[in-house]
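Dear colleague,

Please find below the structure that I am handing over to you, followed by a summary of what was found in it.

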Amino acid sequence: MKLVIQRCERADVKVDGKTVGEIGKGFLVLLGVGKEDTENDCERLAAKMIGLRIFSDENDKINLSLKDVGGSLLIISQFTLYADTRKGHRPNFLMAKEPGEANRLYEYFEVCRRDIPNVQTGEFGADMKVSLVNDGPFTIILE
């Protein structure tokens, strides 16, 4: 499982011109599911992500987590995180999990709702338009 986590002031995702997910302060998360990924990976990475201390405290030190600041999550499925570009110019996606199982784990990743009340998502498999005001910018990759 691969996560690209972008600290944001706001973010939204649209499908066919309609907003399907929108947040204020928090994380925009691009989530890719690999062939070997399981529910345990979802649990482990969700906990790690929620616990990341990448927001500033009152002394302007990066010391607060998403939960500490009452932040939100916008989670977008992104199978292209598993692109293999080692050969040629056309990427292959052989390391991405097949769509049905990937969608199940993408939905399972919403386990984040246990700790974060506002979790929004995109639409799995849809052509999405994602907008972001990156705060920092501050981007972390978790695997």
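Aspartate 41 is buried, as its relative accessible area is 17%. Please bear in mind that the model is a predicted one.

Aspartate 41 is paired with arginine 44 in a salt bridge, in which the closest N and O atoms are 3.4 Å apart. Both residues belong to helix H1 (residues 39-51), where a spacing of three residues places them about one turn of the helix apart. Arginine 44 is partly exposed, with 46% relative accessible area.

This pair belongs to a wider subject, that of the charged side chains. In general, side chains of opposite charge can pair when their charged atoms come close. Searching the whole structure gives nine salt bridges.

Another salt bridge brings together aspartate 84 and arginine 86, with an N to O distance of 2.7 Å. Aspartate 84 is buried because its relative accessible area, 18%, is under the 20% limit. Arginine 86, by contrast, is exposed, because its relative accessibility of 74% is over 50%.

Proline 99 counts as exposed, at 56% relative accessibility. Its C-alpha atom is 32 Å from that of serine 65, a residue 34 positions away along the chain.

Helix H2 (99-108) also contributes to the largest pocket, being one of the elements that give two or more residues to its lining; the others are strands S3 (26-32), S6 (72-77) and S8 (128-142). The space in this pocket is about 380 Å³. Its lining consists of 20 residues, and those nearest the centre are Ser77, Gln78, Phe79, Phe124 and Gly125. Sorted by class, the lining comprises 13 nonpolar, five polar and two charged residues.

Finally, strands S1 (residues 2-15) and S2 (residues 18-23) run antiparallel and are joined by five bridges. Alanine 11 has isoleucine 23 in S2 as its bridge partner. Two residues lie between the strands of this hairpin, in which aspartate 16 adopts a positive phi near 55°.

With kind regards

Conventions:
Residues numbered from 1 in each chain as written. Predicted model: local features only at pLDDT ≥ 70, side-chain atom pairs only at ≥ 80, totals over all residues. Heavy atoms only, no water. 1 Å grid on protein atoms, 1.4 Å probe; cavity = no way out; pocket = protein on both sides within 12 Å on 5 of 7 lines; lining within 4 Å. Points joined across faces, edges and corners; volume = space filled by probe spheres on them. Helix = DSSP H or I, 4+ residues; strand = E, 2+ residues; numbered from the N terminus. Nonpolar A, V, L, I, M, F, W, Y, C, P; charged D, E, K, R; others polar. Buried < 20%, exposed > 50% of the residue type's maximum accessible area, 1.4 Å probe, protein only. Pairing = 2+ DSSP bridges. Salt bridge = Lys/Arg side-chain N within 4 Å of Asp/Glu carboxyl O.
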